[in-house]
Amino acid sequence: MSKFFYNISLPLAVQGTFTYSSDIRLEIGFRVLVDFSNRERIGVVIKKVNKPAFKTLKIKKVFDDFEIFNTNELALLHWISDYYHFPIGQVIDNFMPPYLRKANAVELQNNDLVSEAVPDFNLDLTSHQEKAFLALKQLKGFDPCLLYGVTGSGKTEIYIKLIQEQLKSNQSVLMLIPEISLAPQMVKRLKKIFGELVAYYHSGITNLNRWKVWRDARNGNKKIIIGTRSSVLMPLKNLGLIIVDEEHDHSYKQVEGLSYSARDVAIKRASDLKIPIILGSATPSLSILRQVEDKKFKKTELLERFNQSSPPKLTFVDINANNLKGGISEIGQKAILDDYASQVLSMVFINRRGFAPEYRCSECDWVARCNNCETNMVFHHEKNRLICHRCDSAYGIPEQCPDCGNSELGGVGYATESISKYLQDNTPIDRGEVYRFDSDTTKKKGALTELLKSINDAHQGVIVGTQMLIKGHDFKKLKTVIVMNIDSGLTSINPSALEDLGQQLIQVSGRAGRLDTKAVVLVQTRYPDHPFLEKLKSGTYMPFAMDLLTERKKQSQPPYAYQALLKSSSTVIQKNINFLEAILKNFELPGCNFYGPMPASIFKVRGRYFHYVLLQANKRTVLHSALNQLEKRIGQLAKSSSVRWKVEIDPLNF
Ligand SMILES: [Zn+2]
Ligand SMILES: [Zn+2]
């Protein structure tokens with residue numbers, strides 16, 4: 001007769017936990033092996049319960065000699081499950097080190113504790129940095145604070161000093177960064193100072209190493225963890241401070257599977273643990289700015305760049321009547337050549353990789369489209385392929401138009417590859433002095449580091465790149481920045497489009513201005529008089545952001561309203577629509593509005609169609625109450641229709 005009963009979470013797409021029995025007493029948070037539907041599964045002990053009325057199966061095995069999640073962490077996982085409307089078992093699976101999903105994971109030996117003394121080092125701060133550091137040092141208890149530091153103001157030195165303070169009082173620090181590509185420099189820098197106390201956690205390291213880092217954080221062997229969003233639950237012993245660097249970055253948001261924001265989970269974690277959290281950014285998100293405005297979050301500013309140069313002003317270049325060459329305006333062409341002659345670097349920023357975003361027939365309307373995604377295929381010249389950027393399928397280049405037989409086909413529009421080629425073929429700039437910087441040229445291991453090094457060593461030339469360019473990389477000799485293809489940001493229906501555009505323009509212009517000569521930022525647009533672009537001319541972010549915030553308040557839009565998407569996908573369009581309409585039929589809740597069903601902006605991927613209903617409420621509680629009620633209806637409906645569905649809270653894109 002079993003004496004003990006426990007609720008176990010399993011990584012299944014169903015709400016709730018499952019009750020199993022055990023002859024021995026178990027601890028909460030341990031991994032166990034159980035049978036579920038005649039299959040062995042790994043679960044986590046969630047709760048001790050009374051003997052249930054129904055028959056239970058026995059827990060077959062207990063793994064590991066310590067808990068994977070402690071009670072604080074389990075409470076946070078439950079909050080994530082409730083807040084993001086996702087099954088607890090899958091939430092736990094999402095944050096568990098992937099190595100532990102296997103039953104035969106090796107048991108790690110307990111490492112001897114590294115008893116490193118807190119390193120003593122000298123770090124000279126400017127008076128502005130010192131002031132910001134002293135303000136942040138004062139934070140006590142749950143004390144969220146925005147560190148608004150303009151690009152090039154030296155936030156990292158402040159983080160380092162704050163980490164040192166934490167170590168002195170025997171506490172540990174979790175530092176979140178948005179992208180793996182940013183980490184090497186940061187990790188190198190921190191390791192140089194703090195040695196073995198630092199570890200790095202992200203999806204690019206092996207599963208075994210991730211598990212080791214997890215365990216070292218738990219037993220106190222590592223005291224500083226730098227990681228991407230998956231490390232937000234890192235079980236650091238005596239966690240005293242969380243830093244979220246570049247808090248505005250969309251990489252903190254996971255969309256596939258569990259849709260959540262690691263930044264927002266970090267804030268909740270700091271609140272649970274009653275510890276300070278610092279949110280750093282040169283272009284803070286509107287949602288954090290609202291918290292500051294409401295006095296819920298503090299703000300510390302760092303407005304001086306360390307070389308005391310002012311941020312570069314933005315010039316908007318009207319391309320309606322401009323004679324573009326290789327996509328670049330005349331004034332842009334001239335600036336690039338002048339830079340080249342005076343031995344500095346220029347940059348062309350375009351958020352599109354490949355050679356041409358379209359491949360078409362010169363005689364008829366035919367455009368190469370992906371069969372699986374109904375999207376235009378991107379022409380890649382070097383690879384000699386048409387590639388779908390949604391599903392990665394690649395096709396050979398057709399010799400004739402499939403519709404009219406015409407043999408004159410070609411790419412239309414610009415992207416990183418064609419701009420690079422234009423500069424190489426049509427200007428005095430040397431082939432080797434055009435540096436293409438996108439996911440195609442940095443894919444290979446070590447390629448990014450090598451590219452950064454050659455740019456750093458370059459005497460002159462042009463960097464041509466995508467979004468990757470603006471994430472934390474500094475280019476010392478950069479003078480002119482040309483920004484292309486921004487207009488979709490001005491016309492998009494996505495709630496975050498304008499905010500993103502403003503952030504992007506300030507971040508990209510911040511890459512320049514490390515030189516003694518004045519930086520030049522030329523932004524090509526068909527809407528040079530757009531009121532929001534007007535606000536960005538000074539090169540400073542806040543006037544733009546505060547205006548946008550006021551606008552949002554007037555219109556009761558996020559962050560002054562709360563949104564969720566109810567998303568469905570199916571291979572048949574009508575099934576999506578029927579499903580969403582059936583769920584919403586006769587449903588009403590005061591304070592909550594519904595819009596849809598509507599086709600998603602990414603309408604079809606890999607043969608599946610996507611639709612959504614937008615829910616918007618002025619209170620979070622109303623939004624969640626609506627979702628909870630709708631989910632009850634879905635439970636009955638989803639079985640009979642063959643659609644997949646999910647909820648996304650605080651969506652950035654529709
Ligand atoms: Zn044709
Ligand atoms: Zn596709």
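Two strands pair if DSSP finds at least two bridges between them, and strands (E, at least two residues) and helices (H or I, at least four) are DSSP runs numbered from the N terminus. In strand 20, R385 is the residue opposite H380. This is a predicted model, in which local features need pLDDT of at least 70, side-chain atom pairs count only at pLDDT 80 or more, and totals for chains, interfaces and linings use all residues. Residues are numbered from 1 along each chain as its sequence is written, while chains are lettered from A and ligands numbered from 1 in the order in which they are written.

**Overall build**

- The protein contains 30 strands and 17 helices.
- Its radius of gyration is 27 Å, close to the 26 Å that the globule rule gives for 654 residues, so the protein is as compact as a globular protein of that length. The radius is taken over C-alpha atoms, and the rule is 2.2 Å times the number of residues to the power 0.38.
- The C-alpha trace spans about 85 × 70 × 50 Å along its principal axes.
- Buried residues make up 41% of the 654. A residue is buried if 20 or more other C-beta atoms lie within 10 Å of its own, exposed if 12 or fewer, and partly exposed in between, with C-beta atoms placed from the backbone.
- Of the contacts between residues at least 6 apart in sequence, 74% join residues at least 24 apart. A contact requires C-beta atoms, placed from the backbone, to lie within 7 Å.

**Domains**

- The assignment gives domain 1 (4–101), domain 2 (127–302), domain 3 (314–356 + 413–552) and domain 4 (562–649). These bounds come from an automatic or database domain assignment.
- Between the C-alpha centres of domain 1 and domain 4 the distance is 29 Å.

**Strand 7 and its partners**

- Strand 14 (residues 277–281) runs parallel to strand 7 and is joined to it by 5 bridges. Here C145 stands opposite I278.
- Strand 15 (residues 298–302) is also parallel to strand 7, with 5 bridges between them. C145 has K298 as its bridge partner in strand 15.

- Three strands form an open sheet in the order 19-20-21, with antiparallel pairing.
- Strand 19 (378–380) and strand 21 (394–395) are at the edges with a single partner strand each, so one side of each has no neighbour in the sheet.
- Strand 19 and strand 20 (residues 385–387) run antiparallel and are joined by 3 bridges.

Note on methods: Contact = placed C-beta atoms within 7 Å.
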